[in-house]
Amino acid sequence: MRKTSFFWVSLLTLAQVSVSCKTEPDSPVPEVITPTPLTWTKPSYFPAPVYDLSKNPLTKEGVELGRFLFYDGILSRTDKIGCGTCHQQTAAFTHHGHDISHGVDDLLGTRNTPSVQNMAWNTSFFFDGGVHDLDGVPQVPIQNPVEMGERVGNVVEKLKKTPVLGAAKQVDYPKMFKAAFGTNEINADRMMQALSQFMLTMVSANSRYDYFKLGDASALTVQEKEGMTLFKQNCASCHSGELFTDNNFRNNGLIPNKINDQGRYAITLNESDRLKFKVPSLRNVGLTAPYMHDGRYYTLQEVLDHYANDQNSNSADVIYASPTLDPILQLSGQKQGIKLTPAEKQSIIAFLRTLNDEQFISDKRFSDPGVGTSL
Amino acid sequence: MKINFSYLSLYISVLFFATILVSCDGPQTVVDPNAKGSITIEFDNVVGARDLALNTGTYQNASGESFTVSKLNYFISNIKLLRVDGSSYTVPQDSSYFLVREADAASQEVKLNNVPTGEYSGIQFVVGVDSLRSAMEKSKRKGVLDENTGPTNEEAMYWDWNPGYIFLKLEGTSPAAMAPTGKFYYHIGGFGGLTAKTLNNLRTAKVDFGGKRAIVTDKLTPEVHLMADILKVFDGSTKVSIAKNGMVMFTDYSKFIADNYVNMFNLDHIHAD
C-alpha cells in the first residue's frame with residue numbers, strides 16, 4: 001500500500017513539475033482538511049473505558065457534528081423529534097416528568113428514558129441490554145416506529161440535501177462532515193461515529209460526591225456521609241463502583257406492568273432472564289425522576305419504600321416474588337426486601353442527591369446548538 | 001426439456017467444431033482444469049402451483065386460512081454447488097450473501113461468477129446470515145449486509161434493538177389474523193446470540209437436481225430455476241395457523257417456522273445457457 005501511494009505521490013509530483021515548467025496557472029490544490037484532535041480525559045478514580053476510543057478518535061469537529069446530530073429533529077420521520085427531545089440536559093439527559101415518552105405523532109413508548117451520561121463505561125445499552133456497542137445505539141430510537149419512526153438510510157439522504165433552502169435552521173451537514181472526517185461524504189458509519197464522539201464527551205464526574213472522593217471532606221454533610229455508609233451496606237452490591245452499577249441484569253421485585261414487559265428475556269429467551277432489567281447508574285439520580293424501567297415511581301422515597309418492601313407511602317406496591325427475584329431481596333428468615341428505617345431511608349436519599357452534577361447539566365458543550373426541539 | 005436438450009446439443013456441436021478449429025490453429029487446449037464460468041440461480045417465489053403476486057393474489061394455507069402476501073424477503077448465503085461425485089464448490093464467503101425480495105425482480109437472480117467449469121447436480125445454501133458473519137464488525141458487513149444503508153435498511157431486515165438479521169420476512173393479510181389490522185407477520189431470525197447462547201434459526205437448504213445437471217463451461221452459463229413455495233412456510237413438521245400464531249418474531253415458536261421454510265425450495269428446471 002505505502003509503496004503504491006509513494007508511487008502515485010511521485011507521479012503527481014512529476015506531473016506538477018512538468019505542469020510548472022509550462023508556466024501554466026497552478027491547478028487548484030485539493031483542500032486538505034485535518035480535524036483537530038480532542039483529548040478525552042478519564043476521571044482518575046473511574047475504571048478504564050469500555051468503548052475503544054482508538055477506533056473512533058475524538059476530534060473537535062467530530063464532537064461538534066455529533067452535538068448537532070444529537071439535537072436535530074432531522075433524525076426523525078417528522079423532522080421534529082431529536083435525541084434531545086427525550087434526553088434533556090436539565091434532567092441529566094432524561095425526559096423530565098415522563099414515565100414513558102412520546103415520539104413521532106405523539107406515539108407512546110414502553111420504557112422510561114435512560115440517562116445519556118458516562119456512555120464510555122457502559123457494557124450494554126437499553127434496559128434489556130440488547131446493544132453492546134455505542135455506535136449501534138442511535139439507530140434503535142431512530143428506527144423505532146414510536147420514537148423517531150425513520151430509517152437510517154433516509155436520514156443519511158436527508159443530511160446530504162442540507163442546507164435546505166429557506167429552512168429556518170441552516171445547517172450545512174456536508175460541510176460539517178467534511179470538517180469532521182476530511183471529506184464531505186455522508187454515510188451511516190460516520191453519522192454514528194460522530195454521535196458516539198459527542199456522547200463520549202458527556203462525562204459526569206463533578207458532583208459533591210466527586211469532590212468528597214477527591215479529598216474535600218466538607219463536601220458532604222454528616223447525614224450524607226451516614227447515607228453513604230448505609231448505601232454501601234445496602235445498595236452497593238448492585239449499584240457498585242464509581243459508576244454506581246454492576247452493569248448486570250436483575251429482577252428487583254417490581255410487579256410486572258400492564259404490557260408484561262419481560263425485560264432481558266426478550267433478548268435472550270432464557271427463562272432465568274425473565275423480569276430482569278439493567279441495573280442503572282445512580283449518577284444524577286436526583287435529577288432523573290421518574291424511576292424504574294417504566295417510570296412507575298416519581299420520587300426516591302417511593303423507590304426506597306419499594307426496596308424496603310414497605311407500604312407506608314402512596315405506592316401500593318410490594319416486592320413481587322417470582323423465580324428470578326434477586327437473592328439479595330429474599331434473605332431467609334426475614335421479610336422480603338432490604339431492612340431500612342425511615343431515618344435510614346432519608347439519609348440514603350440525602351446521599352443519592354450528592355450525586356447530582358450541576359456542572360454536567362449546565363455545561364454549554366453539551367447544550368442544544370440551536371437546532372433542537374423539546375416537547 | 002426437449003428445447004433445452006436441443007440447445008445443449010447445438011452448443012456441444014459448436015464447441016466440438018470450435019475445438020477442431022482451435023486444434024488446427026495451434027497447441028491451445030480446450031479442457032482447462034482451471035477454467036472458470038458462471039451460473040445463475042433464480043429464486044422464483046410461488047404459492048403451491050401459482051406464481052406469487054404481491055397484494056393481489058389470494059391463497060389458502062394448510063390450515064384452510066386464506067391470505068394475501070404484501071412482503072416476502074429472505075437472505076440466502078454460503079452457497080455450495082454440489083457435484084455428483086460428492087465433491088463440491090463453495091462460493092467464496094465474501095461473495096456469498098444475497099437478499100431475495102419478491103418486490104425486486106433483479107434480486108431474485110443470483111449470479112455466481114468464477115465458478116469452476118464442470119457438472120453440478122445440486123445446490124446447498126444457508127437461509128439467513130451465518131453466526132460468524134452476523135457477529136462481525138460493520139466494516140465486514142457491507143452491501144446487502146449493511147444494516148444502515150440500501151435494501152436491508154429499507155426493508156428493515158435487521159433487528160437493531162437485538163442486533164441480528166431477519167432471515168425471512170413474510171407479511172400479509174388474512175381474515176384469520178387476530179391483529180386489529182388484519183395482518184400477519186413472520187419475522188424469523190436469530191443466529192445463536194452474541195454474548196450468550198440463544199435462539200438459532202439458521203437452517204441449511206439442500207436441493208438435489210434429480211437427474212438434471214447444470215453444466216458450467218467457459219461458454220455456457222446455466223440458469224438453475226429454483227422455486228420457493230410459500231405454502232411450505234405454513235406447512236411442514238409444524239402446521240402454522242395464522243389465527244393461532246399470526247405474529248411470530250423473536251420468540252421460541254419461530255424455530256418451527258424456520259424448520260418449515262428450509263424445505264420450501266425445489267428445482268423447477270435448468271436452462272443450459
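Start by selecting B:Asn55, which counts as exposed because it has 12 C-beta neighbours inside 10 Å. The scale behind that word, with C-beta atoms placed from the backbone, is this: 20 or more other C-beta atoms within 10 Å of a residue's own make it buried, 12 or fewer make it exposed, and anything in between is partly exposed. B:Asn55 sits in the loop between β2 (50-51) and β3 (59-60) of chain B. Helices (H or I, at least four residues) and strands (E, at least two) are DSSP runs, numbered from the N terminus. Check the backbone here too: B:Asn55 is not a glycine, yet its phi is positive, about 70 degrees. Most residues other than glycine have a negative phi, and most peptide bonds are trans.

Some housekeeping before moving on. This is a predicted model, in which local features need pLDDT of at least 70 and side-chain atom pairs count only at pLDDT 80 or more, while totals for chains, interfaces and linings use all residues. Residues are numbered from 1 along each chain as its sequence is written, and chains are lettered from A and ligands numbered from 1 in the order in which they are written. The model scores are ipTM 0.84 and pTM 0.87.

**Chain B**

The average for chain B is 90, and 88% of the residues score at least 70. Select residues 1-8 of chain B next: the pLDDT there is below 50, and the stretch has five contacts in the model beyond near neighbours in sequence. A contact means that two C-beta atoms, placed from the backbone, lie within 7 Å. Residues 10-30 of chain B are also below 50, with seven contacts beyond near neighbours in sequence. Where pLDDT is low, the predicted coordinates should not be read in detail.

Of its 273 residues, 36% are buried. Among the contacts in chain B with a separation of 6 or more, 74% are between residues 24 or more positions apart.

Pick out helix α5 (residues 254-261) of chain B. Which of its residues are buried? They are B:Ser254, B:Ile257, B:Ala258, B:Asn260 and B:Tyr261. Look down the axis: these residues cover an arc of only 160 degrees, so they are on the same side of α5(B). The arc is that of the directions from the helix axis to the C-beta atoms. To see what the buried residues of α5(B) pack against, show β9 (122-127), β11 (164-173), β12 (183-189), β13 (203-208), α4 (231-234) and β16 (247-248) of chain B.

**Chain A**

Over in chain A, the cartoon gives 13 helices and two strands. Buried residues are 43% of the 375 in this chain. Colour domain 1 (53-203) and domain 2 (208-358) of chain A separately; such bounds come from an automatic or database domain assignment. The centres of the two domains, taken over C-alpha atoms, are 29 Å apart. Where they touch, domain 1 of chain A gives 20 residues and domain 2 of chain A gives 23 residues.

Next, show A:Leu69, A:Leu195, A:Met199, A:Leu304 and A:Leu352, which touch the most other members of the largest nonpolar core, a set of 75 residues. A nonpolar core is made of buried Ala, Val, Leu, Ile, Met, Phe, Trp, Tyr and Cys residues joined through C-beta atoms within 7 Å. The largest share of this core, eight residues, comes from α7(A). Why does the core lie between domain 1 (53-203) and domain 2 (208-358) of chain A? Because both domains give residues to it. Zoom in on A:Leu69, which touches A:Leu75, A:Met191, A:Ala194 and A:Leu195, leaving out residues up to four places away in sequence.

- A:Ala92, between α3 (83-86) and α4 (139-143) of chain A, has a positive phi of about 55 degrees although it is not a glycine. A:Ala92 counts as buried, with 24 C-beta neighbours inside 10 Å.
- A:Pro163, in the loop between α5 and α6 of chain A, is joined to A:Thr162 by a cis peptide bond with omega about -5 degrees.

**Where the chains meet**

Finish with both chains on screen: the contact takes 17 residues from chain B and 18 residues from chain A.

Definitions and conventions. pLDDT = per-residue confidence, 0-100.
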